[in-house]
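This report describes the packing and the strand arrangement of one protein model. Please keep the sequence and the structure in view while reading.

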Amino acid sequence: MAKLNPNPQSRYDRGVNTVLVGLSSNVILAVIKIITGIFGNSYALMADGIESTLDIFSSMVVLGGIKISELPADENHPYGHGKAESLAAMTVSLILLMAGIGIALKSGIDLLQPHHTPAFFTLIVLIGVIIAKETLFRVLSSVGKSVNSLSIETEAWHHRSDALTSMAAFIGISIAIIGGKNYESADDWAALAASGIILFNGINMLRHAVKEIMDHAPNPEIEEKIRSIANHVFGVSAIEKCRVRKSGLNLFVDIHVQVNGKMQVHEAHLIGHQVKDALMGSSLGIADVLVHIEPTSSL
């Protein structure tokens, strides 16, 4: 698991800048694919371009979700606005599902309507698109993991879905061009296959977004690291309970710390603060820690 940058503002800025790069790329690629699909007689490429226009909207949703999630806590939102990031991830997942259904329906209709064989130059464009989209997937996926952003990771998979769609279009167009007459429908079959890939990824990302909104426990490794950090604070006898939930780019921790039962309240209270400081100063991206002091059970 990648380490998180302990500086919240740095992680926020990195996430926003990465999404902006993806958004700009989507605008350029969507225009290129739609124009090439129209002039190159490729239904799969036009469908791919239309799906890319949805990518533009999804990037804006992710960007908005991250910005809202970083708003400070207020009277009505004492735990901050972090869930906006999870809602953005859910919205992008639903966009993926709608795109997959739309492309599947369009491909099915086009299979019943004969059309011209796609032009050879559409393959050249698709190679460039595949390279660009796969690169965006790798960049956003890496940044999403490093800043602990589900919406950015979901957006990364949106780019991967686009790369797979373009790959399917490349295969379909190649078959249509090589096979010639009676193979024109390969282009549409390719678009239909790509829609299945999109639907699969959409369902997978939606599942993760729902888990996060429902405060599903994060990776067990995170809890282990939290327990280890707290246990190394001088005066801590053991960790009784540890609950972790994710909100936006940050983690919130509730931890029960056991100390010597004969210890004075002031000393125990000081240890609690030291545990909190140690956790919030770690690289885990922890926004707040609630420490509950317990006497050791043997006393």
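## Terms and basis

Contact means that heavy atoms lie within 4.5 Å. Helices (H or I, at least four residues) and strands (E, at least two) are DSSP runs, numbered from the N terminus. Axes are lines fitted to C-alpha atoms, for helices over the stretch in contact, and angles run from 0 to 180 degrees between N-to-C directions.

The model is predicted: local features need pLDDT of at least 70, side-chain atom pairs count only at pLDDT 80 or more, and totals for chains, interfaces and linings use all residues. Residues are numbered from 1 along each chain as its sequence is written, and side-chain values use heavy atoms, with hydrogens and water left out.

## The sheet and its helices

Strands of a sheet pair through backbone hydrogen bonds, either parallel or antiparallel. Here, three strands form an open sheet in the order E1-E2-E3, with mixed pairing; two strands pair if DSSP finds at least two bridges between them. E1 and E3 are the edge strands, each pairing on one side only. From one strand to the next, the twist averages 15 degrees.

Nine bridges join E2 and E3 in the parallel sense. Val 253 has Val 289, in E3, as its bridge partner. Helix H7 lies across E1, E2 and E3 and runs at about 135 degrees to E1. Helix H8 lies across E2 and E3, at about 150 degrees to E3.

## The nonpolar cores

A nonpolar core is a set of buried Ala, Val, Leu, Ile, Met, Phe, Trp, Tyr and Cys residues joined through side-chain atoms within 4.5 Å. Buried means under 20% relative accessible area, exposed over 50%, and partly exposed in between (1.4 Å probe, protein chains only). The largest core has 20 residues, and those with the most contacts inside it are Ile 226, Val 253, Ile 255, Val 275 and Ile 286. Two or more residues each come from H7 (220-231), E1 (238-247), E2 (250-259), H8 (265-280) and E3 (286-295). E2 gives the largest share, five residues.

A second, separate core of 14 residues includes Leu 63, Phe 137, Val 143 and Ile 152.

## Ile 213

Ile 213 is found in helix H6 (residues 186-213). This residue counts as partly exposed because its relative accessibility is 28%. Beyond four places in sequence, Ile 213 touches Lys 83, Ser 86, Leu 87 and Met 90.
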